[in-house]
Amino acid sequence: MFGLSKNGASNTAKIFVVTVCVVIALLETWSAMRERDVKLAESTRATSNVAMALAQHADQTFNQVDIVLLGLLERLERDGQSGAGLERTHDMMVMRVRSLPQLAGLFVYDEHGRWIVNSQQTLETRFNNADRDYFIYHRDHRSEKPFIGKPIRSKSNGQWILTISRRINKIDGSFGGVVLGTIDLAFLQRFYERFDIGREGAIMLGNLDGTILHRRPLLPDSIGKRLDNSPLFRDHVRHHVSGEVEIRSVQDGILRIQSFQHLADHPLFVVVAMSRNEVLAEWRSHVWARALGVALLLLVLCYGGARMVAQVRGREVAERDAVGARKELEQLYQALEEQAQKDGLTAVFNRRYFDQALHSELARLGRTGGTLSLIMVDVDNFKMFNDTYGHAAGDVCLQKVAATLSHAAQRKHDVVARYGGEEFAVLLPDCDSSCALGIAQAMMARLRKQRITHAHGVGGIVTASVGVASLTAPGGLTITPRDLIEVADEALYVAKHQGRDRISFRAFPASDGLEGLFLTEQAD
């Protein structure tokens, strides 16, 4: 690079310059490769988080429709298939379709595939759905789970829809028809379009049997296409619940970063894919800009300082972008954590959140003192209810009980949680014994008004036993969650032992002279 000279100082300077240039080149190469690895890692985490969010969204979409189907089955069992009963069922179906944006329609078919009632204004009688996959499945299988069919074109309006259905059983258990909910694929398309996946990215919702239910972008042959020969499905999705992998497409040759996630409640999966080339596009632009700066630095060392400052400024911009991306990911994690605090069946808080809330409230009482009450609610004879009416009806019963408790405990900091099985817990901060008893009595009254039929229940309806524990504590007193729960459990045991459908109260601690038992009046 430089000519030899007899001047030792000049040679030393030349060697120094060459060494500096080599070191700079090596450091820049290492830094560029490191940034590339970081960019790929961030993109992989981003696609994985989007896949988790989309899988949870799909689960919620199908679960909401399935809840409607369960309610429809219950109404058909109660009102029958008479003219007046079908008219009321039709009104309910129209209301449900209007209230759920993903729901395109509701339909009821008899055992021959004929249309009995639907959510449309006029009942179509010229169609028969005995050839549909969901009808054949329910006819040949007696399953208590919903069935998600292949995407089809609606016979009534021709649009692409997804179907979720349940079997209708006659009194003798034989096949009596199908209740069906249809999900408009345009609903999923609108939701998927909110995510920035680049021009060459893709989002796919598929069935674990290898059938594509929906895809963004939507290709002419996407809907209903089989994935048996796809390396992603064959080697990864079929064998793992979630994962990330880089695969080059056999169709367009594009190398993509792909993250997949199975749905928790349904035999479906979601795939989010981003083009590796697009992910690294900004990085390549950045690398070329820095390479030009380094080249100028090597040619004119006297201008190197200024160029280095510009590179530092560019690094600061990149760091701010990275901080912003990290904050967005933290917000997404927080949203997912909030969703994880809810019980999937009853929509009230789950046991984990209740334990945290109880620990926090007791810690607050230990610092500042105050009042706190705990109500334990157990649905009476719930196992007999399940044995008599089935687990699907039992789930609906628990949902109604949870809604009843939530209506009665509506203060800002009240916590209604599913404690386990048919047992619920209600945490009432800043609530003394009279306040807690008033709320417990309101819960009992609301539950009785529900008039949920229970052949083995008190008075022929679903009732509950309630245990109430209240404490008034000065600051500095240490109380463990187990201490308060045991007192409430003791009160609940008394209520159940005394004949159920009543409230038992115990003050905490027993030594304060307030311990006692209060029974509500039994239901008529």
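Analyst: Start with R351, which lies over the face of Y419, 3.9 Å from the ring centre. A charge counts as over a ring when NZ of Lys or CZ of Arg is within 6 Å of the ring centre and within 35 degrees of the ring normal. K342 gives you another case: it sits over the face of F349, at 3.9 Å from the ring centre. Keep in mind that this is a predicted model, so local features need pLDDT of at least 70 and side-chain atom pairs count only at pLDDT 80 or more, while totals for chains, interfaces and linings use all residues. Residues are numbered from 1 along each chain as its sequence is written, and side-chain values use heavy atoms, leaving out hydrogens and water.

User: How many aromatic pairs does the structure hold?

Analyst: Rings of Phe, Tyr and Trp (its six-membered ring) pair if their centres lie within 6.5 Å; planes under 30 degrees apart are stacked, over 60 edge-to-face, and the rest tilted. The structure holds 13 aromatic pairs. Take Y137 and F147: their ring centres are 4.3 Å apart and their planes meet at 15 degrees, so this pair is stacked. The pair links distant parts of the chain, with Y137 in helix α3 (residues 133-140) and F147 in strand β3 (residues 147-148), 10 residues apart. Helices (H or I, at least four residues) and strands (E, at least two) are DSSP runs, numbered from the N terminus.

User: Is F147 buried or exposed?

Analyst: Buried means under 20% relative accessible area, exposed over 50%, partly exposed in between (1.4 Å probe, protein chains only). F147 is buried, at 17%, and Y137 is partly exposed, at 25%.

User: How are the planes of F354 and Y419 set?

Analyst: Their planes stand at 85 degrees with the ring centres 5.7 Å apart, so that pair is edge-to-face. Look where the partners come from: F354 belongs to helix α9 (residues 351-368) and Y419 to strand β13 (residues 415-420), 65 residues apart. F354 is buried, and so is Y419. Rings can also gather in a group, as ring pairs link F107, Y109, W115 and Y134 into a cluster.

User: What is the order of the sheet that has β13 in it?

Analyst: Strands of a sheet pair through backbone hydrogen bonds, either parallel or antiparallel. Two strands count as paired if DSSP finds at least two bridges between them. Here, the order is β13-β14-β12-β15-β16, an open sheet of five strands with mixed pairing. β13 and β16 (503-508) are its edge strands, and each pairs on one side only. Neighbouring strands are turned by 20 degrees against each other on average, direction ignored. Zoom in on β13 and β14 (residues 423-429): they run antiparallel and five bridges join them. A417 stands opposite A425 in β14.

User: Which helix lies across β12, β13 and β14?

Analyst: That's α11 (residues 391-408), running at about 10 degrees to β14; β12 covers 370-379. Axes are lines fitted to C-alpha atoms, for helices over the stretch in contact, and angles run from 0 to 180 degrees between N-to-C directions. Contact means heavy atoms within 4.5 Å.

User: Why is strand β6 called largely enclosed?

Analyst: Because 10 of the 10 residues of β6 (residues 175-184) are buried. Strand β1 (residues 103-109) runs antiparallel to β6, joined by six bridges. F107, one of the clustered rings, stands opposite L180 in β6. Nine bridges join β5 (residues 160-169) to β6, also antiparallel, with I161 opposite D184. β5 and β6 form a hairpin with five residues between them, and G173 in the turn has a positive phi of about 90 degrees.

User: And how many helices and strands does the chain have?

Analyst: The chain has 13 helices and 16 strands. Of its 524 residues, 45% count as buried. Among contacts in the chain with a separation of 6 or more, 59% come from residues 24 or more positions apart.
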